[in-house]
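Welcome, and thanks for taking a look at this protein.

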Amino acid sequence: MGSGATIAGDSSGSSGSSSTVLDNPVGLTFDKNGFMYVADSQNNRVQRFPRNSLTGTTVAGQAGTSSTALNSLRRPFGIDVDDDLNVYVADSDNQRVVKWVPNATSGILLIDRNIIGKPYGILLAPNSTNQVYLSDESRNSVYLWTFSASNPDLTLRSVNDSIGTLGRPRGMIYDSYNNLYVADAGRSLIVRYCVNSTIGDIVVGGSGSTPVLNTPSAIAFDSNFNLYVADENTNQVVKYARI
């Protein structure tokens with residue numbers, strides 16, 4: 001197994017709220033220029049890190065402040081960044097989705113807290129500038145949602161097995177065909193929703209799957225489309241050969 005290097009946060013594991021430390025980082029993504037963005041959930045902010053720098057810049061929210069005001073966040077989990085460097089945040093404890101444009105001091109409300117549960121993951125929809133996929137832990141659903149709409153365009157909940165539904169969906173990722181993969185933390189599965197399908201197929205987990213997952217939370221593909229799963233309660237990242 002290869003060795004890792006700390007590229008954000010304190011290498012000793014200490015938490016804090018300065019520009020060089022994090023506190024319970026959850027979401028992670030990169031922009032087109034290679035900058036890394038981290039949802040620093042307990043600090044109620046999103047931090048941006050240049051390459052080869054341990055010093056982050058706050059691009060959404062503010063450390064030490066947690067409220068429903070649009071200049072604040074409350075435990076942000078999922079994040080995504082578009083080509084214009086706008087940051088989209090699943091502001092979990094505020095039960096909303098907000099957009100922060102570059103150099104903003106306040107966010108723009110895209111999806112209101114009165115109509116979604118507890119958003120965890122967020123992905124900009126392919127070939128769209130005003131839609132996102134959201135995983136909602138509290139309602140065991142994944143939504144395709146148009147900004148400012150009062151209801152989702154699409155709800156993904158069904159799974160092709162004997163139980164038949166998701167349970168606590170978290171991280172999401174696309175493959176090269178824009179099929180959507182969902183880490184189902186509650187059922188310890190990875191579920192794939194093919195384009196134009198509302199019924200998910202289990203691709204990892206369930207009977208006979210090894211190693212046994214326990215609360216998968218984040219997923220990613222490498223350039224060869226091997227699947228990597230961050231499994232929370234077994235404290236490991238598991239690689240699965242090309243799905």
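**How the two domains meet**

Two salt bridges are counted between domain 1 and domain 2. One thing to keep in mind as you explore: this is a predicted model. The protein is divided into domain 1, residues 1–155, and domain 2, residues 157–242. The notes below look at the contact between these domains, and then at the nonpolar cores.

**The interface in numbers**

- On the domain 1 side, 19 residues are in contact with domain 2, which contributes 15 residues of its own.
- Together the domains bury about 1,300 Å² between them, and 62% of this area is on carbon and sulfur atoms.
- Within domain 1, the residues that lose the most area to domain 2 are L123, E137 and N140, which together make up 38% of what that side buries.

**Polar links and the strands behind them**

- E137 forms a salt bridge with R168, and their closest N and O atoms are 3.5 Å apart.
- Six residue pairs are found in polar contact across the interface of domain 1 and domain 2.
- The side of domain 1 that touches domain 2 takes at least two residues from each of β9 (119–124), β10 (131–136), β11 and β12 (154–156).
- Of these, β9 gives the most to that side, with five residues.

**The largest nonpolar core**

- The largest nonpolar core has 15 residues, and those with the most contacts inside it are Y133, V142, M172, L180 and Y193.
- Two or more residues of this core come from each of β11 (141–146), β14 (169–174), β15 (180–184) and β16 (189–193).
- The biggest share comes from β16, with three residues.
- Both domains take part in this core, as domain 1 and domain 2 each provide at least three residues.
- As background, nonpolar side chains tend to be buried together in soluble globular proteins.

- Which residues is M172 in contact with, leaving aside its neighbours within four places in sequence? They are G121, I122, L123, Y133, L134, S135, V142, L180, Y181, V182 and I219.

Key: Residues numbered from 1 in each chain as written. Predicted model: local features only at pLDDT ≥ 70, side-chain atom pairs only at ≥ 80, totals over all residues. Heavy atoms only, no water. Core = buried A, V, L, I, M, F, W, Y, C linked by side-chain atoms within 4.5 Å. Buried < 20%, exposed > 50% of the residue type's maximum accessible area, 1.4 Å probe, protein only. Helix = DSSP H or I, 4+ residues; strand = E, 2+ residues; numbered from the N terminus. Domains from an automatic or database assignment. Contact = heavy atoms within 4.5 Å. Buried area = accessible area lost by both parts, 1.4 Å probe. Salt bridge = Lys/Arg side-chain N within 4 Å of Asp/Glu carboxyl O. Polar contact = N/O pair within 3.5 Å; in protein donor to acceptor, adjacent residues only side chain to side chain.
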